[in-house]
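Please consult the sequence and the structure shown here.

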Amino acid sequence: MKKDRIPTEQKADINGADMDKIEVLMAVYNGSAYIREQIDSILNQTYENWHLTISDDGSTDGTDLIADEYAAKYPEQITRVYSGVRFGNARDHFMWLSENCTSRYMLYSDQDDVFNPEKMSRLMDAMQNAERQWGRDLPILVFSDQTVVDEKLNVIEPSLMRCQKQAFDSFDYHALLIQNVVTGGAMMVNRPLCSLAVQCRSRERIIMHDWWMAATAARFGKIIYLDEPLSLYRQHGGNSVGAKRVGSAGYIAGMIGNLRGVREMILRKKSQAGVFEETYTALLTAEDRQFLSRMKQSRSGIRFYLKNRGYIHGFFRFMGWVMLG
């Protein structure tokens, strides 16, 4: 397989050739049941200045053939690229797409969601308003709420953010390292953020690309949240993450019954905090280093929890004691 940059024909974008073009990055794997609906929803956007890049991770169900079909039918709008490697997970796949993209704006797309027609337009408006306010060199992430739906797009929950009891009144990187609220399929980033995020020193130790980018944006730039659902977040057996009814009896019982899994996730968060410190050490303050140094320890201690429990919102405070462990 050949190894491409993404997309090669748009390398001039960041030098001013087409500064308003959105590059949609879609990492796919065995998504033949849903990918057509998602690509069609992208083709039906009211915002017209976009390009879609699709990378397949070795599908065996014909997803790659569907991607080829669309790329052949819409050669000016859709490009197929090939990494030449097998990633085996969405995190590394999306990080590779991000690293090899040269566009000014990047919007992330899962293979099984469906975009509302106004999604790109709304995200771009918010992004450019933020850049006018704070400057084009500031790392910025914009994301929206989503509607949770089943396999046939029947509504399960009108708001993913409220279903998962996620805070969205402010975004602090301490809080985001403890608990992510940004879903990759709902976010758009600018070039300064992407360039900073792909400097990650140890990608195998971060949890997800969206989590990493959100924490990076919160510490070194801005996060803008649009409190409106701009896409359908499809739930099915193949979801790599999926929506959770946080606070429900089933969810609480599951957490309590799986304390080992809870502890393992917290250890992954601690490892990710360590990577954050290693990657951005030259940009961090003494307060940053103190927080990260304590968080990344296997046993952070009661003082750390009591000092930082305010960053853990809603039901998750109930499980905060695990941080003491």
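Helices (H or I, at least four residues) and strands (E, at least two) are DSSP runs, numbered from the N terminus. Axes are lines fitted to C-alpha atoms, for helices over the stretch in contact, and angles run from 0 to 180 degrees between N-to-C directions. The model is predicted: local features need pLDDT of at least 70, side-chain atom pairs count only at pLDDT 80 or more, and totals for chains, interfaces and linings use all residues. Residues are numbered from 1 along each chain as its sequence is written, and side-chain values use heavy atoms, with hydrogens and water left out.

| Helix pair | Angle | Axes |
|---|---|---|
| H1 (residues 35–43) and H2 (residues 63–73) | roughly 25° | within 10 Å |
| H3 (residues 90–99) and H8 (residues 209–220) | about 55° | 8 Å apart |

H1 and H2 are therefore roughly parallel to each other (angles under 35 degrees count as roughly parallel, over 145 as roughly antiparallel, 65 to 115 as roughly perpendicular and the rest as oblique). Their contact (heavy atoms within 4.5 Å) involves Ile35, Arg36, Ile39, Asp40 and Leu43 of H1, together with Thr63, Ile66, Glu69 and Tyr70 of H2.

H3 and H8, by contrast, are therefore oblique to each other. Here H3 contributes Ala90, Arg91, Phe94, Met95 and Ser98, while H8 contributes His209, Trp212 and Met213.

Of its 13 lining residues, Gln290, Arg294, Phe304, Lys307 and Asn308 are the closest to its centre. Helix H11 (286–295) and helix H12 (302–308) each give two or more residues to this lining, and H12 gives the most, with five residues.

Technical notes: 1 Å grid on protein atoms, 1.4 Å probe; cavity = no way out; pocket = protein on both sides within 12 Å on 5 of 7 lines; lining within 4 Å.
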